[in-house]
2 protein chains.
Amino acid sequence: MSNAYNRPDQLSPELRRRVLETARRLGYPGPDPVARSLRTRRAGAVGLLLTENLSYAFRDPAAVGVLEGLALACEDASVGLHLVPASPGREDVAAVHRAGVDGFVVYSVPDDDPHLAAVLERPVPTVIIDQPSLEGIDRVGPDDAAAVGKIAEHLVGLGHRQVGVICMRLARERNDDFVSPARQSGAHFHVQRTRLEALAVAFSAAGVDWAGVPVVERFDHTVDDGASAARQLLDAYPQITAVICTSDILALGAMAEAERRGLRVPQDLTVTGFDGIAEAERIGLTTVHQPVLEKGKTAGRLLLSSGERSAPKVITLPTELRIGRTSAPPRTVEEPWFGG
Amino acid sequence: MSNAYNRPDQLSPELRRRVLETARRLGYPGPDPVARSLRTRRAGAVGLLLTENLSYAFRDPAAVGVLEGLALACEDASVGLHLVPASPGREDVAAVHRAGVDGFVVYSVPDDDPHLAAVLERPVPTVIIDQPSLEGIDRVGPDDAAAVGKIAEHLVGLGHRQVGVICMRLARERNDDFVSPARQSGAHFHVQRTRLEALAVAFSAAGVDWAGVPVVERFDHTVDDGASAARQLLDAYPQITAVICTSDILALGAMAEAERRGLRVPQDLTVTGFDGIAEAERIGLTTVHQPVLEKGKTAGRLLLSSGERSAPKVITLPTELRIGRTSAPPRTVEEPWFGG
DNA sequence: ACGCTAATGGAAACCGTTGTCAGATTCACC
DNA sequence: GGTGAATCTGACAACGGTTTCCATTAGCGT
């Protein structure tokens, strides 16, 4: 019977025809995928864990790009992509245990997330994206530190010394406010922590006291949140000449807020982003482009080929500084008469 | 053993502790999800079939919205979302058979797609979105005909009689060109066919000869494709006063093309879209808004509750005409001296 | 007609879990 | 000490396929 469906060549066409005919007559719907998976020990799917609430994942073009790349890799291998339902709120780790998959991709979850721990307990290969390396686990990610360094270098080169930062959430507990140094260094989101640290290093090297640089955090990741963060930042520190955002979405919000308060970008205020999403490119945002689609695709390929090697692999993707129309030297507010 | 994991209340805490302890010592990774699914006859996942090549699905904000809604519904029910790898090219129907899911959601595939047929053969509940009703199958979708009618009414009311249409693919075979009446009426994508038919009805009622209205089709669905379609349309029919697009993405492209050739929107050319995506709203595109997130969420809920009822359900979602800054009365090119 | 090989069909074991059920053990209480 | 309830143990039969293995048959040459 099994042969009739799976290996038409192993038996005579006549028999096969008769078997399938009878099967249809009896209303047999074809082999059950679950039973087949049990026996063959292949689920034919890879799991994707992203603990963010889903509106984040689907509304951030960078995340959608990763998703797309991963889906492409899965499609190439004729393997399904199983989105694990992991709301950030309730700790529904059972969903991880219930997922019938041959491996996991973990994307941008906090390092203390119980879902991540549950994934690592499962006896299947795992690839993590944008996370710190874990013992024996494959990893894909851009060189965040270097990428942020390019931005910082660019701004320092332009002459900016009074800067402010807007970043995404740093931990699972909400904090829509300025960020203390302790929270910065103890951030559980690896990407955000790395970017802040790299900024600290670069600006300190340029003689800027990092402890004096205000950092505003937003839990949610929307254009509006970027705008409100910029408002909070500029209300408290009007002397700031450049707003550094750790994502393009936040930068779009900062731009909107700048326009709202009559600041011209880049003459009055420089705004930079991170990711290089399409909309940012369209409006000419200065940002660091990272190949999000490649990120997902590489992770998928890595996972699907993980049977073939033993040593874990770490792949670092290139990034590129894209100078747009939103960065310029700071206005010399202290000595405006010098400008002529 | 099973009890220790699944029903902590049925046995004493002490025993449970001991069992789990021993399990860990033996390196037992917890119950196997596939075997469990086989036994319990619940896969804990719903399948999503969208035959489009994936770059379409993830780059069209409307599709991403549906995906997000569906994912939200799944999350609510603690059920995974399984993306079935169904490339449009190779007819890999086996992927549908291999998917271990409790039901399917089918979104916007052509009605003659073999994957769709394969889904319907599976003995699991199915919900279709934006497709013609099928015997005994749940369905979710907007009232496309009425929605398009609103657009047509709006344009007719403004005085447009010379219009052109840009639409998405009508069949699985590529045709990046003008569309013959036969292809229009035989379109395999239900949504597109419905919209064209509704336009035909509305404009015919206004005294416009529909056979004389040019319709340009594009297989891919990007802003650039919208631009090239507009170019083809306006090159051949420069007298057109309004370009009706069956999606916002295409309309964005048409706007870009209008700008490229120095046409002011809406003074020289009216452009309308369909879907009501965020970017369209930001630039003030005249369009019909449909609740894409609701569409996905409703489909998911319907599927997950389909055990509770017998009669299939058809849910029609409301749409809303959003008049923006891209539609205005046509310029009276025939008699320019009348204008003063 | 016989023996050998190759092809074919059918039976049985197995994948890892859950559900049921009978029997054993413990414990409290009369 | 006997009784009943509560709890625990162990065995076993599905779930629905795939895979292995063996018995049978067909084909063929001598």
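Which hand, left or right, does the crossing of α5(B) and α14(B) have? The crossing is right-handed, a term that applies when the near helix is turned clockwise from the far one by less than a right angle, anticlockwise being left-handed. Helix α5 of chain B spans residues 61-76 and helix α14 of chain B residues 292-304; their axes come within 6 Å and cross at roughly 35 degrees. Such axes are lines fitted to C-alpha atoms, for helices over the stretch in contact, with angles running from 0 to 180 degrees between N-to-C directions. On the side of α5(B), the contact includes B:G65, B:L72 and B:A73, and on the side of α14(B) B:G296, B:A299 and B:G300 are among the residues involved. By class, the residues of this contact are eleven nonpolar, four polar and five charged. Here Ala, Val, Leu, Ile, Met, Phe, Trp, Tyr, Cys and Pro count as nonpolar, Asp, Glu, Lys and Arg as charged, and the others, Gly among them, as polar.

The model is predicted, and local features need pLDDT of at least 70, side-chain atom pairs count only at pLDDT 80 or more, while totals for chains, interfaces and linings use all residues. Residues are numbered from 1 along each chain as its sequence is written, and chains are lettered from A and ligands numbered from 1 in the order in which they are written.

Chain A contains 14 helices and twelve strands; helices (H or I, at least four residues) and strands (E, at least two) are DSSP runs, numbered from the N terminus. Taken along the principal axes, the C-alpha atoms of chain A fill a box of roughly 95 × 35 × 35 Å. Of its 340 residues, 49% count as buried, that is, 20 or more other C-beta atoms lie within 10 Å of the residue's own, these atoms being placed from the backbone (exposed: 12 or fewer; partly exposed: in between). Among the contacts in chain A with a separation of 6 or more, 71% join residues 24 or more positions apart; a contact requires C-beta atoms, placed from the backbone, within 7 Å.

The relation between the two chains comes next.

Strand β2(A) and strand β2 (residues 80-83) of chain B pair in the antiparallel sense over three bridges, pairing being assigned where DSSP finds at least two bridges. Within this pair, A:L83 stands opposite B:L81. Helix α3 (residues 33-40) of chain B has the buried residues B:P33, B:V34, B:R36, B:S37 and B:L38, and their cover includes α3 (33-40) and α6 (94-98) of chain A.

Chain A also holds an open sheet of four strands in the order β7-β6-β8-β9, with parallel pairing. Its edge strands are β7 (215-217) and β9 (270-272), each pairing on one side only, and the twist averages 15 degrees from one strand to the next. Strands β8 (residues 242-245) and β9 of chain A pair over three bridges, with A:T270 as the bridge partner of A:A242. Helix α11 (residues 223-236) of chain A lies across β6 (163-167), β7 and β8, at about 150 degrees to β6(A). Helix α12 (residues 248-260) of chain A touches β6, β8 and β9, its direction making about 160 degrees with that of β9(A).

In chain B, strand β8 (residues 242-245) includes B:C245. This residue counts as buried because it has 30 C-beta neighbours inside 10 Å. Beyond its neighbours within four places in sequence, the contacts of B:C245 include B:I166, B:L250 and B:V271.

Note on methods. Contact = placed C-beta atoms within 7 Å.
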